[in-house]
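Trainee: I have a model open and want to learn how to read it. Where do we begin?

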Amino acid sequence: MDAMEEELKCPVCGSLFKEPIILPCSHNVCLACARNIIVQTPEGETPPQNRCSSDYDYLDMDKMSMYSETDSGYGSYTPCLKSPNGVRVFPPALVHRHCSITCPLCHRSVSLEERGLRGFQRNRLLEAIVSRYQQSRAASVKCQLCDRNPVDATVMCEQCDVFYCAPCQQRCHPSRGPLAKHRLLPPAPAQAGTASARRQATCVDHEAENYSMYCVSCQTPVCYQCLEEGKHGKHDVKPLAAMWKQHKCQLSQALNGVSDKAKEAKEFLVQLKNLLQQIQENGVEFEACLVAQCDALIEALTRQRAKLLTKVTKEKESKLKTVKDQITHCTMKLRQTTGMMEFCLEVIKENDPSGFLQISDALIKRVLVSQEQWVRSALEPKVCPEFALTVNTDPLMQSILQLDFTQNKAETSTVPPAPLLQLEKCCMRNNSATLAWRITTVQALPVEGYVLELDDGNSGLYREVYVGKETICTVDGLHFNSSYNARVKAYNSAGVGAYSKVVVLKTSDVAWFTFDPTSAHRDIVLSNENQTVTCNSYDDRVVLGMAAFSKGVHYWELSVDRYDNHPDPAFGVARINTMKDMMLGKDDKAWAMYVDNNRSWFMHNNSHTNRAEGGITKGSTVGILLDLTKHTLTFFINKQQHGPVAFENLEGVFMPAVSLNRNVQVTLITGLEVPKSIM
């Protein structure tokens, strides 16, 4: 049961549920926590996000105020006065009709009735499950802080979620200081809660009556008195036991499907864990092989380096020997020349002419010969200091830098070539692109499929938009006034081939679109090539446009062709899954302005705001400006901005939308320029 513990915790206090109550949104909170999150709303103002919780229709109330003698022309809504934090905490003395409670999970608000929180049903089933869960945890709970031989725990700290025996609690969690505010509970839950949860359930409206029937329309248990008073008299009511068995059967069938998926998920997890081990083993093996290959390259390079170093050493020794021999020879010759010069100087000093003349001829010849020897023997080094050896490592370095993993020849020979985009068949229409391609080679290579990729329209990363066997594809929902880069590649069992050349696709600057008959309610009637719309019903019905916007600034208009009996059509934008059988803006998936012949309101999630004077008649035009750069929605009537900016902080994909009844007919006008002046 530990796996479902998060399901049993209150979203407000974070502890296990105590006396849980069921909110209208089907979420649960503790009764005490519900008291803490009650807020007061200003008198006359309906709580946001759920104004449909009232028994009155606010649209009808506003229409009734037109005939009221006290109507000042500004409607029945009172301006909202908010405290600095937006709301005021509800004091117990105030009446419940001006209070509301907001779900902490889905943030849906609901007004309190006169009975206050007693008007919400108590979730006895959840209370019983929490009790069983506490009992299972406390069955044999040991102290979590005992070092040896843990003893039974006596308390559990609700905040720390730790079980303590008495000595460990006194030593590690004393009830003083910052720990004084922690709540210590006994490990075993009280039995009173279980008994309370198991007793027969009584009706919320008639506490003396037990539940005996189930209202299918309201999806709630009821008693016989509820049926007699008429509140559920015309509803589809069935026996409680029969519906109990039916819903149990439905839940069991749904659980069987989830169980099968969970079993598949477990098997998939085992597969993934085995895959982790295989990847780890193969990675280690591959790394070892790669290291061995690199080591072999390094070893070969080391051997070659040794050979080259040997050649350099021999060249160096040869140069050194030549220079040393030249030094020895030159030194000896210089010594002989110096001795001869000193001897000749001494001969010149003698004053005996006859003696001088006896040897002068011989000395002159010796000096001349010596001079000639110095001239002939080059007074230059026989070797240069530079080494006439060069090693060109550029090709090797380039090979090393280009060293990478390659496919096997058997695989590369069968991988499909790059496809060729057929530009004559490629085209753009509005914000849709159609691309066609073919294989260029004449070889009969097997192709299992193609992958078409587009970037984000802003030169960003590519993403896959189509994977399949077709050679033509249309991509819808692109941004208007944007340029996309597209490419395609082929694949088969051998691998993925190269990409084709990139083609640039330019979408339309403005949006041209019509109404979408596939998204329209069955009472909607379209004509004029799906540009004109009316309805067969007196109730409001919704139709969407063919375009979807998520980026850029877009503007379109609707011309009122027929306007009878002062209806209130709604114009705006919506998600594709908005409700089609009610006025646009009554759910949380539409943002709209509904307008009659005198005034208008903005509406989202059934919240009515910013009533403005001025309406529409036959021949009027209603403009919608969707600015997804600023994330705003603004409305125009007869080319003039109507009211302030209606909605802000719009994110996601939006489609043009209209709701109307049989008293109205409008025609869609698209491809318009954005208005210049906006307040």
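Mentor: This is a predicted model. Begin with a hairpin: two residues link strand 19 to strand 20.

Trainee: How do strand 19 and strand 20 run, parallel or antiparallel?

Mentor: Antiparallel. Strand 19 covers residues 483-492 and strand 20 covers residues 495-499, with three bridges between them.

Trainee: Now the helices. What span does helix 7 reach, and what is expected?

Mentor: Helix 7 holds 110 residues, 240-349. From first C-alpha to last it reaches 153 Å, close to the 164 Å expected at 1.5 Å a residue.

Trainee: Which residues of helix 7 are buried?

Mentor: First the general idea. An α-helix has 3.6 residues a turn, so residues three or four places apart point the same way. In helix 7, the buried residues are Met243, Lys319, Gln326, Lys333, Thr337, Met340, Cys344 and Val347.

Trainee: On to cysteines. How many disulfides are there?

Mentor: A disulfide is a covalent bond between the sulfur atoms of two cysteines. The count here is zero.

Trainee: Are Cys143 and Cys427 buried or partly exposed?

Mentor: Cys143 is buried, because its relative accessibility is 5%. Cys427 has 42%, so it counts as partly exposed.

Notes
Residues numbered from 1 in each chain as written. Predicted model: local features only at pLDDT ≥ 70, side-chain atom pairs only at ≥ 80, totals over all residues. Heavy atoms only, no water. Disulfide = S-S within 2.5 Å. Buried < 20%, exposed > 50% of the residue type's maximum accessible area, 1.4 Å probe, protein only. Helix = DSSP H or I, 4+ residues; strand = E, 2+ residues; numbered from the N terminus. Expected span 1.5 Å × (residues − 1). Pairing = 2+ DSSP bridges.
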